[in-house]
Amino acid sequence: MNAVTIVGGGMAGATLALALSRLGGGRIAVTLIESQRPDAQRHPGFDARAIALAQGTCQQLERIGCWSSLAREATPIETVQVSDRGHGGMTTLNAADYGLAALGQVIELHDAGRRLFSLLEQAPNVSLHCPAKVVSSERSESAITVTLDDGERISSSLLVAADGSFSSVASSLGVEWDEQDYQQTALIANVTMSEPHQRRAFERFTAEGPLALLPMSKNRMSLVWCVGGARRQDAAAWSEGRFIDELQSAFGWRLGKILAVGERHSYPLRLRTARQEVGHRLALVGNAAQTLHPIAGQGFNLGLRDVISLAETLVEAVNQGEDLGGYRTLSRYRLRRAPDRSATVGLTDGLVHLFANRYASLAIARNLGLIAMDSCRLLKLPLAYRTLGWVKR
């Protein structure tokens, strides 16, 4: 049976359904189960945040037929500036240096959700169950069956958990995660500055954690500010005036005065990695497989590489007459993804610890590294390729 059930219709689950439909030419029956429509208030997968999509990620989204729709609401990133607060080290990536119009694109998740669901409703051989929840699941040798909250039972060859960091469906099937608490809180908001962003993005490392600003429409910036130490307990409760003052001090005046801050959200930062990304008739993608620190914006881009690689592996299995949920198929996917997953998790975790360390010798070394990268294009290439999403899958 060439059938796949996906639990979770956020960015990872929705793009996987579209990838299977497009790359498989409609030969794989896809069932997507999601508890809320993306136009619902407080949707956990399509909330008010914006995310940066690497140029390579946009290419893959175009390949599965959804980038042209998402691009209508996207803001290009032409320049990324990386700096270390209180030190002179800084490096800049420019799209033009690599013959590109943009290093990546910024999209608002709420807009992306509406557009992806519109595409899903038209995708060949995709069945959308929304709103619906999985209440139980059971595996046999040849199939996996989920029962929905309305009593409907759906059987398939493979179940994909795409329901986020605390995947309930994966947990119910025995998956466990390793977790590391970074002792930081991420503060999320859209901010308006007095100077135009000119399609520039900023990643600034501070003593308490990184601060990222991404360009958006209407000259807004999407803020992800990681606050650690004693202040992380009360930062979410700061008044708007204090929030602006603290942010101005941490970021500086590169974009002039901070004029306004929109609705703020916060969440604790942890590294969570599944001990097993595949099991009998089960695969994990996106945040269900690994939830990263937002430093360097690698989370969704890594998850999208999971999605495309899994879709390609399953289409290949169909072409070869193999079992979609069988050991051979899922082992091939796991081995294919292991190097990228390990490297990206290691990179983000290493950056968190490198820039959180305030020892003078290490601070000098990392700032010399930033200066050297800015002076030598060859030294900058590894950072540029990771930023562009030019990563082997």
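Helix 1 and helix 4 run roughly parallel to each other in this predicted model, because angles under 35 degrees count as roughly parallel and these two pack at about 30°. Their axes sit 10 Å apart, and the crossing is left-handed. If you want to find the pair, helix 1 covers residues 11-23 and helix 4 covers residues 109-120. On the helix 1 side, Met11, Ala14, Thr15, Ala17 and Leu18 do the touching, and they meet Leu109, Ala112, Leu116, Leu119 and Leu120 in helix 4.

Now for the nonpolar interior. In soluble globular proteins, nonpolar side chains tend to be buried together. Here the largest nonpolar core holds 51 residues, and Val4, Ile6, Leu20 and Ile28 have the most contacts inside it. Helix 7 (residues 299-319) is its top contributor, giving 10 residues. Apart from that core there's another one, made of 29 residues, including Ala95, Tyr182, Met216 and Ile295.

On to the aromatics. A search of the whole structure turns up 5 aromatic pairs. Take Phe202 and Phe251: their ring centres are 5.3 Å apart and their planes stand at 85°, so this pair is edge-to-face. Phe202 belongs to strand 14 (residues 200-205) and Phe251 to helix 6 (residues 240-251), so the pair ties together parts 49 residues apart in sequence. Both Phe202 and Phe251 are buried. Elsewhere in the list of aromatics, ring pairs join Trp225, Trp238 and Phe243 into a cluster.

Conventions: Residues numbered from 1 in each chain as written. Predicted model: local features only at pLDDT ≥ 70, side-chain atom pairs only at ≥ 80, totals over all residues. Heavy atoms only, no water. Core = buried A, V, L, I, M, F, W, Y, C linked by side-chain atoms within 4.5 Å. Buried < 20%, exposed > 50% of the residue type's maximum accessible area, 1.4 Å probe, protein only. Helix = DSSP H or I, 4+ residues; strand = E, 2+ residues; numbered from the N terminus. Phe/Tyr/Trp six-rings, centres within 6.5 Å; stacked < 30°, edge-to-face > 60°. Axes fitted to C-alpha atoms, helices over the stretch in contact; angles between N-to-C directions. Parallel < 35°, antiparallel > 145°, perpendicular 65-115°, else oblique. Left-handed = near helix turned anticlockwise from the far one by under 90°. Contact = heavy atoms within 4.5 Å.
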